[in-house]
Each structure stands twice: as C-alpha cells, then as structure tokens.
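Please look over the sequence and the model shown here before reading the briefing that follows. The notes after it begin with one annotated position and then widen to the surroundings and the fold.

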Amino acid sequence: MEFAAFAERAERLADEPGDIETTLAVADLLVAAGEDTGDTDGAGEITDTDDLPTVVRFLLGRVFPAHDTRTLDVGPSLCREAMARAAGPNVTAADVEARLAAEGEIGAVAAALDFGGQRGLAAFGGGEETGTAGRGALTVSAVDAELRSLAAAAGDGSESRKRDALFGLFNRCDPAEAKLLARLVLGEMRLGVGEGTVRDAVAEAFLADGSRATRDAADRDGDDGDAPTLRADDEAVAAVERALQVTNDYGHVARLARDAGVAGLREERLAVGRPVQAMLAQAGTATDAIESFGEVAVETKFDGARVQIHYAPGAGDDEATGDDEATETARGDPDDTGLGPRIYSRNMDDVTDALPEVAEYVESRVDTPIIVDGEVVAVDDEGDPLPFQEVLRRFRRKHDIDRMREEVRLRLHAFDCLHAGDTDLLEEPLRVRHERLVDALPDAAAELEVATDAEAIAAAERAALEAGHEGVMLKNPESAYTPGDRGRDWLKRKPDVETIDAVVVGAEWGEGRRAELFGTFLLGVRDPTDDADDGSGDAETAETADAAPLDGYATVGKVATGVTDEELADLTERLEPHVVREEGTTVAFDPSLVVEVGYEEIQPSPTYSAGYALRFPRFVSVREDKDVDDADSLARVRRLADGDAASSAEDAGDADCTDDSAADVDERPDRDEP
Ligand SMILES: Nc1ncnc2c1ncn2[C@@H]1O[C@H](COP(=O)(O)OP(=O)(O)OP(=O)(O)O)[C@@H](O)[C@H]1O
C-alpha cells in the first residue's frame, strides 16, 4: 500500500461523524491493506509484503508491537532538525520550532513545509544508502522498514544516522504523508482511533458475516437510509480481545483474524518472553468486596514497582533481545531453547539489567517455564519495606548497578501466576493461579487469605499497615486474569488516596540562582474528550501558555513544593528536550513524564482547564514506571473531587478553599524541603 494512500485515508478518519462510522472506515482501511500485498519497492519491483500488521500498528501510532521493547528513540529536536533539512536551506531547526510554537502540533508543521525542494539530494539522506526507502512513491512497508532500521541504530554516530534516515523519508513526503510521518515518529497520531476502535474494526473487517470487501457500499455507509451498524457479533469481538490480551500485538491479531478467523484467534497462547499488559485495580472498600465476591481473597498491597517475570529454564537460556521478527509473534518454543529470566515493568519495558538479584533469585528457584506478576519492593537491613521512591532509584538504572545493588536492597513479592509449565492460567480462577504460584516460587509468593467479613479484612489491613505496607488488595478468588483490564475483580484499599499521577505539561524557569532550572511545574491529566485533532493546539483558545496544555490534557495545578535541588536539576535535564513552546519564562512540553503529586484537596477552579485545582500540591516522585498513557484522567480527578466535596461538606465556608488560595499555595517557595 502506498504511504500516500494510507495517509489520505487516515486523515479522513478524523472527519467521521461518529464512533460506528470511524470503526467502519478503519475496517475498510484494514480490508484494503490486507488485500494489497503487492507493493513496489520504489524501484518498480513488486515485493511480497503484507501491509496489514503495519497499517494496524501505524494507526495506533506504533512501529513495534506493544510487547516489543524496541523504540525509535527519536526526540522532538532530532525530528525538527530532519524536517528542517528536508525543507531546504532556507529553513532551520529554529524555524521549525517557531512554527511548532505557533501551530502547537508537529503534524500541522510538517504538512505546511515544502519538502519537494530537496528531492535531488535524497541520495545524501539515507534513503538510498540504506536501500529500504529508495526513490519513487513511498510505501507503507518502506516507511516501516526504514523506521525499524533507524530504531536499530546504536553507538557513535547513531544520532546523525537517525537524522539522515528521517531526512531521507521527509524528503520524499507530500504534505499528508509528512503530517502522518512526523506524528508517527513522535508517537502523537491524533487520529481519534483508539485501541477499542481497532479491536472492533478487526472483528468487523474479517469476522463479520459476509466479507466487508464484498458488501454493498450503500448498505455499509447507511446510504439506504438505515443508520450504519456493526455486524461483527460479540463472540467475534471477544475472540479478538482475548487474542490481543495474550499476544499484545494488534498487527499480529489482525493478520490472524484475516487468515485464521475466530478459531485461529482462540488458539493463541501466551509466550514466555512476550510480556502482556498488567491487570489493574479499582479503589474499593471491604463492603464492596464482600457484596461483590462473597469470599474475598485478601493480599497485602506492597508499595513498590510492578514487575512481570518471564523465565523458561533450559539449555540455551537465550536473551530476549527483541530484535528479530520472531519476537513479534512469539518467542517460539522456549522449552526447547530456554529463556533466561526477563523482567518487564508495568509498561512492558525490559528492566532485567537493572534488577540482577531478582533475575538471579528466580533463576535459582524455578525449574519450570513461568510467567509471574508481582511487586519489587526496597527493604531495609531488617527486611522491612522502604518507601516506593527507594525502589525507583533502582528501577530503570543503566549505570552503577552493582553499587546501587548494595545501597538499595530489593525483595520480590509475587502475587499472580499467568503461566506455569506448559499451561496458560489466565482463565483459571485466582485460587488456582495462586496455588501454581506457591508451587513455583514458594518463598516469594504473597500470602492470600480468604475472608468473609469486614472485621477480618480490617484486621488484615491493620497488619499490613503496621508492617509498613501500603494497604490491602481485595480480589475475587474466582476471577480470571484479564490483562490490561481495570475491572472490579481487584479492589485496592489504602487508608487515604491523596496522590494523583499527572503529566508534566509545562513549567516556569526559576529565579536567581535557580534561573537555569525549571522551578514550577504545570500538571496535566489525560482528557480524551479534549478534541485531540482540531489541529490548532490550544494556544489560541487559552489565555496563557500555562493554561494551554497539549491537546488531550487538562491542567489541574502547578507544583513547586517538595522538589529537592537535585530533583530539579534532573527534571530540567529530562524535560528540556521536550519543550514545544516558550513564552517569556513559561514553557510547554510535549507529554513525556509522569509525576506523583500529593494534595490535600481537589476543588473546583476556573484557573485550570480541568475546571479543578489541587490544593497544597506537593511533588512526591517521578513515576518512572508509568507512561503518559497511564497517568490519571480528568474523569478520576472529577471522581476524587466529588469524594472530597462529600467528605468536606461539613467544612462549608472554609475560606481557604478558594481558587485564589490554591493558586497561592502552588507557588510557595519551599521546594527544598526533603
Ligand atoms: N498484592 C497485590 N496485587 C496486585 N497489585 C498489587 C499488589 N501489591 C501491590 N500492588 C500494586 O498495586 C497496583 C494496583 O493498583 P492500580 O492498578 O491502580 O495501579 P497504580 O495506578 O500503580 O496504583 P497505585 O498508585 O495505587 O499503586 C498494582 O499495579 C501493583 O503495582
């Protein structure tokens, strides 16, 4: 499929009037991509490609499947430099940056630049050097191949090789292609197509009665007067959903749906070495749990970092390098070759190297292939848990690992088992999965106590808190493990939920001796209802940059308190490359970093675009274990605010609870406090 055809269809998706229309349009696109397996490679040769998996991933803004730990590692400034170079000698990276400040969105900037002028120079740009994206019309597969080889660039000179490769691609783009490419490279697709839409579209495209390709267009588009409808039944959608849960790869699942149908999807299994999304929890009370489950599985809620550990003991103990096509579908049969322990974060990043003692521990204890879920906690010399921030000092570390291993000791608490021996356990009830866990890792398995009354749960909670843990988890003992699901089968119970995980969407430079550092940070929460594709950015609609987060985010306050000088320096270094707008001493960032922020209360406020403000916000830590997609949402802030309003109803008239007071406390200059 030509990249231009994909870009043109992708662009139109945003104009679809409703969810069903979008799903149908995506389904049509998938059918077209799935049929078009005869790309030319730019030199006119027909190549045997299957664009379907790539198109599906591109739609979701991905080059690699979610379980794959490879990244493009292209920052905004490198992308701007490549764009400037492709736009000709009269355009500098600073010009691109200025346009971005005005437009607020990289795709719009890319579409407005004229990349045609550098065509004659393409040979210097990497396209023909690498042989994957030569002259002629760009194809989806050529773009994919070029981005994959770009991702593989490492070591000395890799930055400039990446810049060259991107230059080569931009240089061959028309405006619609350039818009899509820039967004894809920076992971900001803004097509209004979420994972649920793609899931439904896969079912609709390949599993509905009658092929979409042959259905009557008028009927499909509702031109016959009927409202457009989806034909795939619940079973088909459930089969796609389940296959997505176990494989974590939309591209692979789309191909499987097309080629093997519902039966093929149902046969998909977990693979050791291919991480799945973590099952998540909702807040809940003992009463909720007893009412919903009857018998309640009570576990300690450990205050650490989530890990998913994969291990298949065997002769080879291969490394999970993630660098070949095989890892995109399965690890093959690990029982034959073995797979050394691999540890994945909640976001499926490979953190094995940072946690060697956890890998060694598992390797020394386990003698059967397993996938376990758990929490790694920092402990003191007595083995008592230390605050969550301590474990983060270890979590993504690339240097000084041996020294830090001495400094911050870790303990693994495993609480679930997804696979043991050659059996997938996702559909087994928690009780059974827990038994398998105890068989596989008896010393590290969290205790699971079955309770039927609130007093027993309260006692377990008191014991957990006294032992220095965060609270308790209340689980349905009969429930399956549903990857990625934040359902009602796992409830978390902490004494007080007083923090939110927010995205840093802006900052203000400090003053005096801190003029080189950011001082105050503007916090955003995810707001999927914010029109993510109006192409305008919010710059024109809000009064100031500090009230103008990126599309898809709503601001809830600023934090300056609780950040040490060392943390300020670290935050500045990490955030500076993500500046997209600057106005005086105020900057806006593209979303890259999640921070946990404590607060005393959430109150309505016209000051921030969320309509709420955190009162007494206080920096707690960077959530290294969370991506921006995992940050809290505006819906959660609303719920928390409603809870706050209820709990402080008797406080009516409290003069401190005004927007002004919120703004004042935001800027209290006591950020040196530990
Ligand atoms: N026994 C346990 N079972 C499940 N999760 C546990 C357990 N102990 C600690 N946890 C942690 O609690 C989290 C469950 O809460 P949730 O799904 O809301 O994730 P979260 O957003 O990281 O929440 P929080 O900030 O409360 O840890 C898990 O992601 C896991 O990291």
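The model is a predicted one, in which local features need pLDDT of at least 70 and side-chain atom pairs count only at pLDDT 80 or more, while totals for chains, interfaces and linings use all residues. Residues are numbered from 1 along each chain as its sequence is written.

**Annotated binding positions**
- The unreviewed UniProt entry gives "binding site" at Glu 299, Arg 306, Arg 346, Glu 375, Phe 415, Arg 486 and Lys 492; such annotations may be inferred rather than shown by experiment.
- Lys 492 lies in strand β12, a strand being a DSSP run of E with at least two residues and a helix a run of H or I with at least four, both numbered from the N terminus.
- Beyond four places in sequence, Lys 492 is in contact (C-beta atoms, placed from the backbone, within 7 Å) with Ala 281, Ala 283, Gly 284, Lys 301, Gly 471 and Met 473.
- Arg 486 also belongs to β12, which covers residues 486–493, and Arg 486 is exposed because 12 C-beta neighbours fall inside 10 Å.

**Annotated active site**
- For "active site", the unreviewed UniProt entry lists Lys 301, a residue of strand β4 (residues 296–301).
- Lys 301 is buried, since 23 other C-beta atoms lie within 10 Å.
- The contacts of Lys 301 beyond four places in sequence include His 469, Glu 470, Lys 492 and Lys 494.

**An open sheet and its helices**
- Five strands form an open sheet in the order β6-β5-β7-β8-β9 with antiparallel pairing, where two strands pair if DSSP finds at least two bridges between them.
- At the edges stand β6 (339–345) and β9 (423–424), each with a single partner strand, so one side of each has no neighbour in the sheet.
- Helix α18 (residues 388–395) packs on this sheet, touching β5 (305–312), β7 (370–379) and β8, and its direction makes about 115° with that of β7; axes are lines fitted to C-alpha atoms, for helices over the stretch in contact, and angles run from 0 to 180 degrees between N-to-C directions.

**Whole protein**
- The protein has 24 helices and 21 strands, and of its 674 residues 49% count as buried.

Definitions and conventions:
A residue is buried if 20 or more other C-beta atoms lie within 10 Å of its own, exposed if 12 or fewer, and partly exposed in between; C-beta atoms are placed from the backbone. Two residues are in contact if their C-beta atoms, placed from the backbone, lie within 7 Å.
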